[in-house]
Amino acid sequence: MNDSSTNLLNNAYQSCCKNDGDTCNWLYTQLPSSNCSMYREATLVAEFGNSHVKTFDSNKYSIQSIGDFVVFKTDGYILQGRTSTQESKTTYFSQYALKVNEPAARIIFKPDKNNPSFLDVNQTTPSSLSLSGFSLQMIDNYTAVFITKSWTVEVHNDGGVLYHWVYIYSNDFTTTGLMGTFDSNNTNDFLFQNGSTVFGTSDELEVSVINKFVDSWKLNGNDSLLEGSPDNITLTFPVVESSVSKIKKLLNNTEDEAKYELQHTYQESVEILMYSINSLQCKKEIYLHPLSGNVKSVPCICDEKKNGRYCLDDADICKNCWNASGCNTTLDKYCPACPAGFQGDGFQCLDIDECGTNNGGCQHNCTNNIGSFQCSCFGGYSQNGTVCTDIDECLNQTTCKNDFQLCTNFDGSYKCNCMPGRIGDSCIKAPYSYLGNIVIQNPDGWTDELLNNASAAFINLAKKVSTSITSALNDTLSLNLKNDTEYVQVLYFRIYDTNSTSNR
């Protein structure tokens, strides 16, 4: 692609608005604006090269016909083009004609007669168009640009094949013709010359529909502005047999072994479906030179279940599975499902952290493993699945090692205390021992939990009673009892009925 026209406009902008140069009058004549800050740089929106069209709204298709056509038409201007072919292998534009309504003028763009690599621009009256709201400029021997206040068309000669590009810097115009309908909607580009529209993008429409759209913009002899007459050739698409034979030779295959269907695409290539003896298909992208038709490369594209030059060999697809041993290649979803404890699509299986949800259902501890999890209980508990039950160590008479100790069971543990009248680590007999009942008033009231000497209510209240009695003994008898539970033990609680004389 040639950026000459963009550079021409932007250089003029720099010279006028940035450098205060001598092209300022020309720039404002072509692209008038209230000030330099409102100048809009040119943007490439549409193009043509080697039979491949890109419309104003970015649809892409190939011209598969020979003749004179309306390339695009807008208020005051019509650009026409003539398609030609070399050896019937592809189409290209060999000539352009631009019609200007006011002042009436015609401009012909074609290869130079004496030097076909150069661009010849032939302009009819008036002789100068530079002060009429547009300008015609020769960039070099190969390139010319036609500039209006809203758009610029650039024509370039590349070895006898003409290309054109359209740049815009305004949205105040609409178009029809081969370049589509300029309105930022790519679904209505295919407007036929009779006014009917086939809605859809170039990717969605059939090639036959696009060919009919192209032919609708073909001109008859009276309407054409182009010099001479187009070639009288009927093209047969897809690609002609000479290219097919070159492809077949490169594939080292014969007519009896394979059938080829070729479709012309927007790129300089063709797509081939090769039908082998057993009817399997191998899709290949073949690059063809746009003029010579020579084949450049032939990569084969197989689906994931096949490989080899002709996609006839079975591919080892099971290696893609997380669990290859359960792979079934006859199924579309050939990888087996992820096993229990894992999640995924069969190609990738990830461990499920069961402990992350509701602790895995475990009452105490949950340990996550790869593909599984494990429950465990705190010390002092027995386990049954996910349930943990307290172990009553006191049911074993040997839990407390001293014959003068009493065993008290707690949730998850136990405690051995000396019997009443016994003290110390060895539970020796105390020098003095007193046994009696004390009437107290519990600020928290009575609860049946006080009947269980292993309950939290009993232990807390017993602690308070032992501490109070020990403190009173120390104060009144000048004793120094350090461990209240060793010298004062609460054996049980019961309700004291103040109305009953037998309890006094």
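## Disulfides

The structure holds nine disulfides, a disulfide being a pair of cysteine sulfur atoms within 2.5 Å. This is a predicted model, in which local features need pLDDT of at least 70, side-chain atom pairs count only at pLDDT 80 or more, and totals for chains, interfaces and linings use all residues. Residues are numbered from 1 along each chain as its sequence is written, and side-chain values use heavy atoms, with hydrogens and water left out.

Burial is stated by relative accessible area: buried is under 20%, exposed is over 50%, and partly exposed is in between, using a 1.4 Å probe and protein chains only.

## C362 and C375

The angle about the S-S bond is -75°, and the link of C362 and C375 is left-handed.

C362 counts as buried at 6% relative accessibility. C375 is buried as well, with a relative accessible area of 12%.

C394 and C407 form a disulfide with their sulfur atoms 1.9 Å apart. The pair links distant parts of the chain, from C394 in the loop between β24 (387-390) and β25 (405-410) to C407 in strand β25, 13 residues apart. The link of C394 and C407 is left-handed, with -75° about the S-S bond. C394 is partly exposed at 23% relative accessible area, and C407 is partly exposed at 27%.

A disulfide also joins C400 to C416, with S to S 1.9 Å. The link of C400 and C416 is left-handed, at -95° about the S-S bond. C400 counts as buried at 11% relative accessibility, whereas C416 is partly exposed at 23%.

## Annotated spans

An unreviewed UniProt entry carries the annotation "domain: EGF-like" for residues 351-389 and 390-428. UniProt positions are given in the numbering used here, feature names are shortened, and annotations may be inferred rather than shown by experiment.

Residues 351-389 are 0% helix and 46% strand, with the end C-alpha atoms 30 Å apart. Residues 390-428 are 0% helix and 41% strand, and their end C-alpha atoms lie 31 Å apart.

## Salt bridges

The count comes to two salt bridges, each defined as a side-chain nitrogen of Lys or Arg within 4 Å of a carboxyl oxygen of Asp or Glu. In one, the side chains of R82 and D68 meet at 2.6 Å, N to O. R82 lies in strand β5 (residues 77-85) and D68 in strand β4 (residues 67-74), so the pair ties together parts that are 14 residues apart in sequence. R82 counts as buried at 5% relative accessibility, and D68 counts as buried at 5%.

K110 forms a salt bridge with E227, the closest N and O atoms being 2.5 Å apart. This pair links distant parts of the chain: K110 is in strand β7 (residues 105-111) and E227 in the loop between α3 (207-216) and α4 (241-251), 117 residues apart. K110 is partly exposed, with a relative accessible area of 23%, and E227 counts as partly exposed at 24% relative accessibility.

Note on methods
Helix = DSSP H or I, 4+ residues; strand = E, 2+ residues; numbered from the N terminus.
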